[in-house]
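Have a look at the sequence and the fold before reading on.

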Amino acid sequence: MNISNRIVVTPLGAGQDVGRSCILITIGNRNIMLDCGMHMGYQDERKFPDFSYITSDGNITDIIDCVIISHFHLDHCGALSYLTEHLGYHGPIYMTHPTKAIAPILLEDMRKHLVEYEEEAKYFTSSAIRDCMKKVTAVNLHEVVNVKDDIELKAYYAGHVLGAAMFYIKVGNDSVVYTGDFSMTPDRHLGAAWIDKCRPTLLITESTYATTIRDSKRCRERDFLKNVHECIDRGGKVLIPIFALGRAQELCILIDTYWDRMGLKVPVYFAAGLTEKANSYYKMFITWTNQKVRQTFVQRNMFDFKHIKPFDKTYMHNPGPMVVFATPGMLHAGLSLNIFKKWAPDEKNMLIVPGYCVSGTVGNKVLNGSKKIEAEPNKFIDVKMSVEYLSFSAHADGKGIIQLIKNCEPQNVLLVHGEEEKMKFLRAKIMQEFNINCYMPANGETVEIETANIHTFNMSTKLVKEILDDQSNNLGNGKRLVHGAFLIKNGSSNLNAMSVKDTFKELDIQRHTLRFTCTVEIKESSTIQKIKSKLYDMLENNLSIFKNKLTMSDGSISLASILVTVEDGMDNNKKKIVISWANEDEPLGNHVLEMLQNLSKSD
């Protein structure tokens, strides 16, 4: 039977691209989907991963053994309900407890934004989201989860957002670490990503900021607060597009602390309802936050903001300065886009983009310097407000990715979730610094990674005892000759070492024994019985470790499966020695044959 010794990777999304993360891996004859996201820059079929790669072969549940979701951002989980409720996948799905709690909130929020697109709204209903999440199994950090007997999963802390995890996946002797999105730098409410020296066969890592080495977080915070303060001082309004959870809490803590220290009275607003939900989830999953938040949470909840109030959409028309945190973060729909349309033509106002915006979104177009943007067909926005990009995005930069590779020591690296030119730079650096292969497949491109042809196997205590008790298999120098078979059950890649007898019993087939027979002629006039005694003594002296298994009867000498008989030759001065043995004793049978042939030559 062919035992796979390769890992096959095909990005259905996020291959040389940021958005709709969905990586299909085949490891040890198992197919695993890593994330199932949407692309925020498209409103057509391109927003989904290329599921045609797997749906054309029949029932998708028969093809995919399990799905793993790294965190709740929509570019990593946005297409999950489409996969389960429209494509019919009903196999196991794994994510952390915070991700399971928060993902449906963001999916429902996305559904509300999409109701204006009739074609898309049919894919996202509230009932579909609920039914999808019922299929999810939540996992704890560092908990070893076994799937279908031979898939082993373990989640590691990834930073980035509440509940984000890197996943270690092992099938047979090969393993993969998938980072999802991660951050190697702690912030005001989350810790840094961490993984042990697990030495995976393959590390699949995001590369969003592959060529970036960030300046200090303190400098970014200072610049952020300086820009906000200068804008409100001149009577302008500040729009900060964010996602509901993650950077939102980071920046709200920063603004709330600054407002308190400076005694500012200018109103600060957050999208209504989301702060309350965020508070409840951060309190529920307080162990996922950093040490400072955990230590002070009982005395003071850092997420009960003193200066930040719920926002009502009518407030965007109010005169005077204000600061508004609005979702979503890429200005591709919803409240943040509506506020942007209203405020963009006024040069007193400011847009501060704190995170990555994928190609095709309004946020990406603004950051690229567009002054006239078509947000809707034949409807243009004049952008006169000042625009600042201050990255608080919780993605690892180039230095952080290199650090992760040093930590877990993979044999191979594969880059996803990044832009092609930046990936090329990082790939060259990784190959030079670590002397390992690094891959960066595009969407739909398959990479096959050869792995070391080493396979572990399971052996029962019973078989080990039988081997140690049987001196006939002792080859000396601590070596043992083992008779048995390797058996692989039910498509598993795990090898099971079994005795010959148990193997045939397990397979429910009749055993057939192959025997080898040779004849040696010697010059000897003694009686057959005397010759047999002479042969017995020779074997006993030369094969003393088999002494307990050596027997002589009236017809023959036997040793394990070896039978030695003596017959009359063509004349009275010659005798024929006939030796036969079963295939499992071939080394021993050949050794005895060689002894008899030497006896013949000496005569």
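What follows covers a sheet, a helix lying across it, and a few salt bridges.

Keep in mind that this is a predicted model. Start with the open sheet: six strands line up in the order 14-13-15-12-16-19, with parallel pairing. Strand 14 (308–311) and strand 19 (386–389) sit at the edges, each pairing on one side only. From one strand to the next, the twist averages 25°.

Zooming in, strand 13 (residues 268–271) pairs with strand 15 (residues 322–326) in the parallel sense, over three bridges. Here Y269 has V324 of strand 15 as its bridge partner. Helix 12 (residues 334–343) lies across strands 12, 13, 14, 15 and 16, and runs at about 150° to strand 12 (237–241).

Now for the charged pairs. The structure holds 21 salt bridges, and three of them are listed here.

| Salt bridge | Closest N and O atoms |
|---|---|
| K134 and D131 | 3.7 Å |
| E409 and K197 | 3.3 Å |

K134 and D131 both belong to helix 7 (residues 126–134), three residues apart, or about one turn of the helix. K134 is exposed at 65% relative accessible area, while D131 is partly exposed at 30%.

E409 and K197 link distant parts of the chain, 212 residues apart. E409 is partly exposed at 34%, and K197 is partly exposed at 42%. Elsewhere, salt bridges that share partners join R30, D65, K148 and D150 into one network.

How values were computed
Residues numbered from 1 in each chain as written. Predicted model: local features only at pLDDT ≥ 70, side-chain atom pairs only at ≥ 80, totals over all residues. Heavy atoms only, no water. Pairing = 2+ DSSP bridges. Helix = DSSP H or I, 4+ residues; strand = E, 2+ residues; numbered from the N terminus. Axes fitted to C-alpha atoms, helices over the stretch in contact; angles between N-to-C directions. Contact = heavy atoms within 4.5 Å. Salt bridge = Lys/Arg side-chain N within 4 Å of Asp/Glu carboxyl O. Buried < 20%, exposed > 50% of the residue type's maximum accessible area, 1.4 Å probe, protein only.
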